[in-house]
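Biologist: Please put the model up on the screen. I will ask about the words, and you back them with values.

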Amino acid sequence: MHAYNRLPSSGHSTPSPPSSPLRSPRYRHSRSKGRFTPAQPGRTFAQRVAWLLLSCLLRRQGIFLFAPLIYISGMLLYMGTVKFDVVPDIKHRPAPGSVYRSPQLYEKLRPDMDADNSSADAISTIWKHSYKSGEWKPCINQSAGVLPESNGYIYVEANGGLNQQRTSICNAVAVAGFLNATLVIPNFHFHSIWRDPSKFRDIYDEEFFITTLENDVRIVDKIPGYVMERFDNNMSNVYNFRVKAWSPIRYYKDAILPKLLEEKVIRISPFANRLSFDAPPAVQRLRCLANYEALRFSTPILSLGESLVARMKEHSVKNSGKYISVHLRFEEDMVAFSCCVFDGGEQEKIDMIAAREKGWRGKFTKPGRVIRPGSIRINGKCPLTPLEVGLMLRGMGFDKSTSIYLASGKIYNAEKTMAPLLEMFPQLKTKEMLASEEELAPFKNYSSRMAAIDYTVCLHSEVFVTTQGGNFPHFLMGHRRYMYGGHSKTIRPDKRKLALIFDNPNIGWKNFKRQMLNMRSHSDSKGFELKRPNDSIYSFPCPDCMCHRNKTEDSRSSSAT
């Protein structure tokens, strides 16, 4: 039977030719897709060879199993025959905020900064924020009753600098009162960094301290001889507790009180930060009483400190006796410890290596320790330089006539680093400028006593500026809140933002000033802060040490009188 031709023709039907024999599916597929056709005339020899190899590979797919081996062999041959003498030079752009470029920014902004006459009386108008139509006032209740018989004597060693020792003293008062123990005047541990052999009475008014706390905690200057006879009059024979940092007050009751009742004398060394910030109200009250009422500087320190305050007010007569205090941490040891890089070049590098080895032998050269100065700067951990402090304050609206008290140790490379700050604020003073050599002589070789003088002058300033964390500004902020109705009156700059701003070569004076004013306003809004869990009561005295009073309550009390 023949197939019919479906196409129209001349009217005759013609039988179809016989069908072709069936071919393999692979070949049919190849022909239908038109992929692999015989080599066409006109192709080059290279194209024919490539086509032939590709055809073989596709027809023998198992060869792909050996492709990785062939690739690795080829790479090994290539690596062995080619020399990499030329390495491409890839330049990495430093991350924003990772490089110290403040001197260049100062040179750029200086003409517009000096020509800016729009600043108002910034020091008199800086604090605008109030706390919910009221204010905070000190309200520490003192006991009037008779103390029960003592459970024994507690002897502590306060380590660290001035304000770390202050923490130890206040915590020791709280622990002794909680355990109904007699506190021995704390012994100050000599530290290799501060190198100050001062004793308690050299820095604080010991008699005033004991008298202020006499109804709450028994305090003596030494342990009676008849008690120490049991220990051969040697304090090292007294049982010493190695208390973990931030231990809860319950630990002292459960672990230390039984031993105190048994031995009648115990020793805790070291004692800095050995009590949790969170404690029952009775313990917090003793901390408040010790820090804000009982601890008063010794007469020589207090006398000179108050004299310098009076001289700063006289010096600031154009601003109604108001001045700014700045806590500047740009001493050699702080610069070295920060591991930040500034603009001192090779000499700075040599100085910092020597300072780290002297103060922290081997700590920064341990195997595997990696120091990344750029990351440290981006994270806001570098101390502000005098130049950066000046730029920030000028941007915040303080002009050349502003009086500034600089609280600091010996500034690193002071002749160079202090010059821009003095150009921006010629009315800047330090204790060395305000006091004579004779007045400073009794304190000059004692870092804690010098810090106590700075603390006094900063406490009474209209504005306090902190530049590098630490115990000094934390205690000052709390003390200023206690004195000024709950407001710290402190500028706390955002150093992460500052790192980006100081490293921005395109910023103009107006933009720079706007950002500094925003930072100043933010510090004002954060002046009133309540203590949260794990916050220090020495920085946040509200509400444990202070009470909130509404304006209506104050008006009622004033009308009643």
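Biologist: Why does Asn237 count as partly exposed?

Modeller: The relative accessibility of Asn237 is 42%. Buried means under 20% relative accessible area, exposed over 50%, and partly exposed in between (1.4 Å probe, protein chains only). So Asn237 counts as partly exposed, at 42%. Asn237 sits in the loop between α9 (225-228) and β6 (240-241). Helices here are DSSP runs of H or I with at least four residues, strands are runs of E with at least two, and numbering starts at the N terminus.

Biologist: Which residues does Asn237 touch, not counting residues up to four places away in sequence?

Modeller: Asn237 touches Phe231 and Asp232 on that count. A contact means heavy atoms within 4.5 Å.

Biologist: What are the ground rules for this model?

Modeller: This is a predicted model, where local features need pLDDT of at least 70, side-chain atom pairs count only at pLDDT 80 or more, and totals for chains, interfaces and linings use all residues. Residues are numbered from 1 along each chain as its sequence is written, and side-chain values use heavy atoms, with hydrogens and water left out.

Biologist: What is the mean pLDDT of the protein chain?

Modeller: The mean is 87, and 84% of the residues reach 70 or more. pLDDT is the predictor's confidence in each residue, from 0 to 100. Over residues 1-39 the pLDDT is below 50. Residues 555-561 also stay under 50, with 0 contacts beyond four places in sequence. Where pLDDT is low, the predicted coordinates should not be read in detail.

Biologist: Is Ile537 buried or exposed?

Modeller: Ile537 is buried, because its relative accessible area is 0%. Ile537 lies in the loop between α24 and β13 (546-550). Take Arg287: it is 250 residues from Ile537 in sequence, yet 8.0 Å away in space, C-alpha to C-alpha.

Biologist: How many residues does the largest nonpolar core have?

Modeller: It has 76 residues, and those with the most contacts inside it include Ile154, Tyr204 and Phe209. Helix α6 (residues 162-178) gives the largest share, 8 residues. Another core lies apart from it, with 52 residues, among them Ile126 and Val335. A nonpolar core is a set of buried Ala, Val, Leu, Ile, Met, Phe, Trp, Tyr and Cys residues joined through side-chain atoms within 4.5 Å.

Biologist: What makes a space a cavity and not a pocket?

Modeller: On a 1 Å grid over the protein atoms alone, a cavity is a set of points where a 1.4 Å probe fits but cannot get out. A pocket is an open set with protein on both sides within 12 Å along at least five of seven lines. Lining residues have an atom within 4 Å of a point.

Biologist: What is the volume of the largest cavity?

Modeller: About 120 Å³. A volume is the space filled by probe spheres set on the points, with grid points joined across faces, edges and corners. The largest cavity is lined by 16 residues, with Arg377 and Leu384 among those nearest its centre. Helix α23 (residues 495-502) gives the most to that lining, with 4 residues.

Biologist: And what is the volume of the second largest pocket?

Modeller: About 510 Å³. It is lined by 21 residues, and Thr466 and His474 are among the closest to its centre.
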